[in-house]
Amino acid sequence: MRVCVIGTGYVGLVTGVCLAHIGHQVICVDNNQAKVELMRSGKSPIYEPSLPEIMQLAMQAGNLEFSTNINSAIANSQILFIAVGTPALPTGESDTSYVQAVARAIGLGINGEYKVIVNKSTVPIGSGDWVRQIINSEIEQRKLDTIPQFDVISNPEFLREGSAIYDTFNPDRIVLGGSSEKAIFLMQELYRPIIERKVSGINYIKDLSLPDVPVVVTDLNSAETIKYAANSFLATKISFINEVANICDRVGADITQVAQGIGLDSRIGNKFLQAGIGWGGSCFPKDVSALIHTATDYGYDAKLLKATVKVNVNQRLLVIEKLQQVLKILKGKTIGLLGLTFKPNTDDLRDAPAINLIQELNRLGAKVKAYDPLIQSSQHHPILSTIKLENTPESLANGCDALVLVTDWQEFKYWNYVQLAKLMNTPVIIDGRNYLDANTMAAAGFYYIGIGRPTRGNSLVAKRLQQGNSTSLTTQVA
Ligand SMILES: NC(=O)c1ccc[n+]([C@@H]2O[C@H](COP(=O)([O-])OP(=O)(O)OC[C@H]3O[C@@H](n4cnc5c(N)ncnc54)[C@H](O)[C@@H]3O)[C@@H](O)[C@H]2O)c1
């Protein structure tokens, strides 16, 4: 099929590349000229495992093009994906202005050939009809002899940054919302190789003996609600385990053991039960806020979702509390952050807990250093110009009063912590993801503080910390 994907971010580019890989003729459109030029040269503007390789294969096969010319892309395609951003406005509702601009462009560029317009962006409930109206009103103004025919389908995206290609080829389900049987049929044809698990040439299929991917066909509003409900449920699950972790901290239980014990109950499941410094990223915060906002618009007070957000706001700053408990005064102290991105295997810093943490540490007068495998320049976010970005574990640890593990990047498991402890002013580590082994860290000379699990540590460090005197510990611990 001839497909056009408008917006080449984490969702649009991955969707376009994967559809091209399974044999469709795809044109990816973006209004960012520099991005388009980069992609034309075979490079990906975002970090996503396997994306550059599969992108180059699709380009070599002649299935994938990049363009800034939205009009000709619309005219030449049967299926048009809207995959632009829908960031949160300060009020919590979604900014739909990018979707609106694209819907207008579709209304202006659509021609006589029947087209399916696919809302892939996460859009407020009711947006499918709204997009249809915008397109129709642009068509009316063109006073055409033949009215172009089209249908709008909602096809929410569930991929995870960091495993986006895998998730696209191995989805848990495909949701298609709309009332046109023709459009739903065409969408099923589009996804057929994925639905039937027949993607070949790459090793992304987990188990070919699995049954077909379930396709959930719904009305437009239900499909749009599924996306918000899914993300809100996952965020609530994390806030729940974080709340239990905070209780564990008080009663002396270990949240990792508690999570294992409850996660084996098949009604609960073991995913999304890792306590830590809270959820973030470009989706959960804005999607939960948007659902709360929609509920309010319709006269319903979404109390549980509001509590989910509230727990998360507190959780992000819990690390500051823990730092104050051990170091007392933070002014003038040096804190080293392990990781900045909201999760590993992505370069996305949107609404990452690290940003809040840096803001608060700056406010309290601490000096902040950070190491992240993918964030090596302050161009990624304005706040990074207020901290020192380090490029080795040693330069990060050197002279620090405490380390904070913010992102569970795999390499952090393999650092030489015995050596790093010796380089620090006080070898304290707050493990914001409960990612490191507490006993190993204590054996390496660290005073280890997790989230909702007992503190472990070198008794000498503990004693000196209790005395509020953290100077010249290095020699004594060594
Ligand atoms: N990032 C995720 O993990 C994820 C997962 C599921 C759903 N979503 C949803 O998918 C949508 C896209 O998210 P994203 O993270 O890919 O966004 P993004 O910000 O990474 O990318 C959006 C792209 O759209 C382009 N764009 C904006 N206006 C345009 C226009 N008028 N014409 C052409 N291009 C235009 C931008 O230049 C940018 O490249 C959002 O609604 C998001 O909520 C995201």
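A backbone N or O atom of threonine 122 lies 2.9 Å from an oxygen atom of the ligand, a polar contact in the sense of a pair of N or O atoms within 3.5 Å. Taken on its own, the ligand has 840 Å² of accessible area, and the protein covers 88% of it; such areas come from the Shrake-Rupley method with a 1.4 Å probe. The structure is a predicted model, in which local features need pLDDT of at least 70 and side-chain atom pairs count only at pLDDT 80 or more, while totals for chains, interfaces and linings use all residues. Residues are numbered from 1 along each chain as its sequence is written, and side-chain values use heavy atoms, with hydrogens and water left out.

A backbone N or O atom of valine 11 is 2.9 Å from an oxygen atom of the ligand, whereas lysine 35 places an N or O atom of its side chain 2.4 Å from a ligand oxygen atom. The shell around the ligand holds 25 residues, of which Asp30, Lys35, Thr86, Glu161 and Lys286 come nearest; a residue counts as near if one of its heavy atoms lies within 4 Å. Helix H1 (10–21) and helix H5 (97–109) each supply at least two residues of this shell. Helices are DSSP runs of H or I with at least four residues, and strands are runs of E with at least two, numbered from the N terminus. By class, the shell has 9 nonpolar, 9 polar and 7 charged residues, where Asp, Glu, Lys and Arg count as charged, Ala, Val, Leu, Ile, Met, Phe, Trp, Tyr, Cys and Pro as nonpolar, and the others, Gly among them, as polar.

Attention now turns to the backbone. Lysine 328, in the loop between H12 and strand S9 (334–338), has a phi near 60°, a positive value in a residue other than glycine. Lysine 328 is partly exposed, with a relative accessible area of 45%; buried means under 20%, exposed over 50%, and partly exposed in between, with a 1.4 Å probe and protein chains only. Serine 50 likewise is not a glycine and has a positive phi, of about 70°. The place of serine 50 is in the loop between helix H2 (33–40) and helix H3 (51–60), and serine 50 is partly exposed, at a relative accessible area of 23%.

Conventions. Polar contact = N/O pair within 3.5 Å; in protein donor to acceptor, adjacent residues only side chain to side chain.
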